[in-house]
Amino acid sequence: MPQEKKPMLSFQQALAQLLEAVSCHQQVQHVPLSQALGRVLAEDMQSPLQIPAYTNAAMDGYAFCYADVASSKTFQLIGQSLAGHPYQGELTPGCCIRIMTGAKLPPGLDTVVMQEQVKLTEEGKVQLCTEPQMGEHVRLAGSEIAKEATVLRRGERLGPLQLGLAATLGFAELPVYQRLKVGVMSTGDELVAPGLVLGDGQLYDSNRFVIGAMLQRLDVELVDYGWIADDPVLLKAAFDQAASEVDALVTSGGVSVGDADYTRQVLLELGQVNFWQVAMKPGKPFAFGKLGHCWFFGLPGNPVSAVMTLDQLAQPALRKLAGETCKTPLQLPALVSRKFRKKPGRLDFQRGVLSMTDGQLQVAPVAIDSSGMLSSLLAADCLVPLALESADIEAGERVQVQLLSDWLR
Ligand code: AMP
Ligand code: MG
C-alpha cells in the first residue's frame, strides 16, 4: 500500500493537514435565542442600537446639572425619573430630580449623587453632603456599544454571555450553522457493552461513551453506530452505512499494525487515507481520511490515546467543519516539581498535576500513567506537551502547560 511508505508526520504537520483539508459547508438556519446555546454563529452581527440606548443613572439618588454646584449645593426637587418612566417635565436652574438606577437622565442633567450622600431639608430641598464629580454615577448613551459596531462574529460558539448580548441588542433569533452530524463507532472483538457479562479476555467498551460525550459537548448531532467486530466485511458494511448518513465518522481501535487491525485497510478500499500515523504520544496510529463525502477520524483504541487524538487532532477539524473559528489552546509557563520521563522522537502530551507554591505555578506528572489508563487522565488537570526532540525534563526546569479544556471535563 503506497500510504505505508509515507514518512510519519509531526503533530504540527498532521494538524495543519487536517485544517487545510476541511472546510465548513453547513447550511445556515435561524433559531430562536432559547435554542441557540452551543450553536455556531453563521454571520457577523452588527448592533442595531447604541448601548446604553439612553443616558441613565448608575445609582439610586438625585440627578442635577453639575454647573449648578458652583452657585449652590442645595437643589430644588422638581420630580422623579424611574426605570421605564422617564421624567417628562421642564427643568429649571438649580433643580434636581429623584432618580433610580437605570432610569433615563433628562437632557440638561449630567450628574447623579447617591441618595446616601444627600440630606433632605425641611423645605423639601436636596442638600449635597459630598463634593460630586462631573458626570458621576451616569452611564452615557453608547458608552458600551456604538450603533453598527460588530458585536458577535461568524464562527463564534454561542454561550450564555453571547446569548445575553444578543438579547441586549434585541435579536430574537440568530443565524447559526446547521449542526454537524457525526457518527461514533468502536471496533474490537474483545469489546462488550457495559451492562452485559464479561467473558474471558473481554473488556467493556468505554471509548464510545467518552468519545460520544466529548462530541455532545461540541453540540453535534450524534449517531451511535455501536460496536463492530474485527472483521473487514462487517467493517466495510458499517463504514458504508455511516458514509451515507453522517458528515464525519469517529472510530476507535483497529487502526494500528496488529493482525486484527483492519480499519485503515477498509478505509483505503472504500475511500481515501489522507494520512496515517503521527509522531505524537499517546496516539501514534491516528488515521485521517474520507469515505465519499464523510470525513473519517480513526482514533487508536487505547483509551487515553483515543481521548488525546480526539482532543488534539480531530476536535479542531470538527470545529472547523462545524463553522467554528479555531482558537489555539492557551499555554501557561510552569516550574517542574518532579521529573517528567521522556524519550526523543514524538511530541508527548504528558498528563500533569498543577499546584501553586509561593505564587509559582508548579507541575508534576500524574502518579500512575499509561495510554491504556483512563484514570490517569482523570487525575490530571493539565497537559504538558513535551517537544518531539526533548528528552527527560528534570525538576526545576520550566515547561508550558495546557489546561484540560472544559469539553473534556
Ligand atoms: P487497538 O487500537 O484496537 O489495537 O486497541 C488498543 C487497546 O485499546 C487494546 O487494549 C484494546 O482492548 C483497547 N480498546 C480498544 N477499543 C476500546 C474501547 N472501545 N474501549 C476500551 N478499550 C478499548
Ligand atoms: Mg483492536
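**Contacts, burial and bends**

Me: Which residues is Phe296 in contact with, leaving aside its neighbours within four places in sequence?
Reply: They are Phe239, Leu249, Thr251, Thr263, Leu267, Ala287, Phe288, Gly289, Lys290 and Leu291. Contact means heavy atoms within 4.5 Å.

Me: What should I know about the model before going on?
Reply: This is a predicted model, in which local features need pLDDT of at least 70, side-chain atom pairs count only at pLDDT 80 or more, and totals for chains, interfaces and linings use all residues. Residues are numbered from 1 along each chain as its sequence is written, chains are lettered from A and ligands numbered from 1 in the order in which they are written, and side-chain values use heavy atoms, leaving out hydrogens and water.

Me: Why is Phe296 called buried?
Reply: Set its value against the cut-offs. Buried means under 20% relative accessible area, exposed over 50%, and partly exposed in between (1.4 Å probe, protein chains only). Phe296 has 0% relative accessibility, so it counts as buried. Phe296 lies in strand 22, residues 294-299.

Me: What makes a stretch a strand or a helix?
Reply: Both are DSSP runs, numbered from the N terminus. A helix is H or I with at least four residues, and a strand is E with at least two. The protein has seven helices and 27 strands.

Me: How do you know whether the protein is a compact globule or more spread out?
Reply: Compare two numbers. The radius of gyration is taken over C-alpha atoms, and the globule rule is 2.2 Å times the number of residues to the power 0.38. For 409 residues the rule gives 22 Å, but the protein has 30 Å, well over that, so it is more spread out than a compact globule. Along its principal axes, the C-alpha trace spans about 95 × 50 × 40 Å. Of the 409 residues, 45% count as buried.

Me: What makes helix 6 largely enclosed?
Reply: Of its 19 residues, 18 are buried, so the rest of the structure largely encloses helix 6. Ser305 is in helix 6. With 5% relative accessibility, Ser305 counts as buried. Not counting residues up to four places away in sequence, Ser305 touches Pro282, Gly283, Pro300 and Ser371.

Me: Where does helix 6 bend?
Reply: Helix 6 (residues 303-321) bends by about 50 degrees at Ala314. The bend at a residue is the angle between axes fitted to the seven residues ending there and the seven starting there. Pro316, a proline, follows within four residues. After helix 6 comes Gly323, with a positive phi near 100 degrees.

Me: Which peptide bonds to proline are cis here?
Reply: Among them is the bond from Ile51 to Pro52, with omega near -10 degrees. Pro52 is in the loop between strand 3 (45-46) and strand 4 (56-57). Another joins Lys281 and Pro282, with omega about -10 degrees. Pro282 is in the loop between strand 20 (278-281) and strand 21 (287-291).

Me: Are Glu148 and Asp219 buried or exposed?
Reply: Glu148 has 54% relative accessibility, so it counts as exposed. Its place is the loop between strand 11 (138-139) and strand 12 (150-152). Asp219, at 19%, counts as buried. Asp219 is in the loop between helix 3 (207-217) and strand 17 (221-228).

Me: Why is Val184 called buried?
Reply: Its relative accessible area is 1%, so Val184 is buried. Val184 sits in strand 14, residues 181-187. Ile211 is 27 residues away along the chain, with 7.3 Å between the C-alpha atoms.
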